[in-house]
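Please read it alongside the sequence and structure shown below.

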Amino acid sequence: MKKLILKSVLYAFLILITLEGLVRVFHLGKDTPTRFLDEHKVEKWKPNQNGFSVTGNRRQNFSEYHINTSGFNSYREFNPTKEKTEIALVGDSFIEGFHQNYYNSIGKKIEKSIPEIEVYEYGYAGYDFADQLHLTHAYKEQFLLIDHIILGIKFSNDLNRGEYDVVNSRLALESPMNKLLKKSKLLVYAKSIGILDPPQELVYRIISIIKSKPKKKPIDELEASRIKEANEKKYLANFENLISKYGYDKQRYTLLLDSRITSTFFLSYLEKNDFNYIDFASSFEASDRPTTLIYDRHWNNHGRELIAQLISKYINKKQLKSEQ
């Protein structure tokens with residue numbers, strides 16, 4: 001019996017080692033870079049990291065990333081000057097572009113369309129509008145040299161707060177325990193494909209039973225309308241607080257948004273107050289090809305092409321006006 005147990009343990013260990021090796025060889029597990037908080041309290045990726053971003057349990061999406069010395073996924077370093085013309089793309093995971101090889105990013109596509117400019121991509125998963133404006137303020141000297149700054153915004157997601165503070169829940173992903181767990185690519189892969197979901201769900205159910213809460217009453221249409229209106233006012237107030245605190249240069253700053261998921265209340269405010277924005281809704285709707293990944297809502301290569309075309313067209317138009 002003792003020999004059987006020892007052999008079982010040995011075989012299980014060898015199987016785990018073999019599976020770990022297979023996951024590493026075929027890059028099945030996520031290889032996300034390490035996060036950190038810099039001296040300006042800007043959350044970003046630790047500089048000079050390279051790897052491959054994997055989505056799906058059969059590598060539905062497999063792309064290479066490169067974190068530059070500034071801490072962002074980009075094919076180039078950020079070195080703005082008064083002599084050159086530069087564009088900064090600032091936003092969340094859509095700008096970050098882990099779903100596309102870093103050398104085929106939105107910025108690279110824009111540069112192909114307008115060869116005389118440089119595009120800097122300040123994208124980081126989870127960035128909201130507060131993160132973005134805090135970034136531009138923290139590196140004010142750098143951003144003052146950049147000619148055009150495009151800020152990605154989702155009205156219902158990115159304006160939940162009116163002032164910047166460090167989001168500890170994101171940094172918690174870099175806790176000592178998580179760092180230790182990430183060393184096993186097999187464990188990372190098992191988690192990504194849902195093998196670890198049942199035990200986690202069981203724990204959550206037990207906790208919910210212990211901390212049982214009364215069921216919420218269903219909301220009628222009138223109440224839903226009131227909540228929506230209150231949220232819109234709150235988001236707009238947060239927007240105004242942020243631009244008041246950090247400043248907002250209407251000549252250089254432009255919002256990138258999708259009007260299909262943006263409140264008409266907010267759009268009217270932008271137009272009334274002369275805020276420039278690029279709306280990619282009609283371009284995506286007119287496309288006869290999918291613009292997002294099948295298993296993910298992030299833009300696919302075609303969607304990124306359309307975004308790059310819209311930004312290029314917008315920048316060309318602005319430059320033409322300035323020359324007249």
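Salt bridges link R76, K84, E111 and E118 into a network; a salt bridge here is a side-chain nitrogen of Lys or Arg within 4 Å of a carboxyl oxygen of Asp or Glu. The model is predicted, so local features need pLDDT of at least 70 and side-chain atom pairs count only at pLDDT 80 or more, while totals for chains, interfaces and linings use all residues. Residues are numbered from 1 along each chain as its sequence is written, and side-chain values use heavy atoms, with hydrogens and water left out.

**Salt bridges around E118**

- The side chains of E118 and R76 form a salt bridge at 3.6 Å, N to O.
- E118 belongs to strand β6 (residues 117–123) and R76 to the loop between β4 (61–67) and β5 (85–91), so this pair ties together parts 42 residues apart in sequence. Helices (H or I, at least four residues) and strands (E, at least two) are DSSP runs, numbered from the N terminus.
- E118 also pairs with K84 through a salt bridge of 3.2 Å, N to O.
- K84 sits in the loop between β4 and β5 and E118 in strand β6, so the parts that this pair ties together are 34 residues apart in sequence.
- E118 counts as buried at 17% relative accessibility, whereas K84 is partly exposed, with a relative accessible area of 27%. Buried means under 20% relative accessible area, exposed over 50%, and partly exposed in between (1.4 Å probe, protein chains only).

**Other salt bridges**

- The structure holds 12 salt bridges.
- One joins the side chains of D249 and R252 at 3.0 Å, N to O.
- D249 is partly exposed at 30% relative accessibility, and R252 is buried, with a relative accessible area of 16%.

**Helix α10**

- Helix α10 (residues 221–246) has 26 residues and should span 38 Å at 1.5 Å a residue; its end C-alpha atoms are 37 Å apart, which agrees. The expected span is 1.5 Å times one less than the number of residues.
- Buried residues of α10 are E232, Y235, L236, N238, F239, L242, I243 and Y246.
- An α-helix has 3.6 residues a turn, so residues three or four places apart point the same way.
- The buried residues of α10 pack against α4 (129–138), β8 (253–257) and α11 (264–272), where contact means heavy atoms within 4.5 Å.
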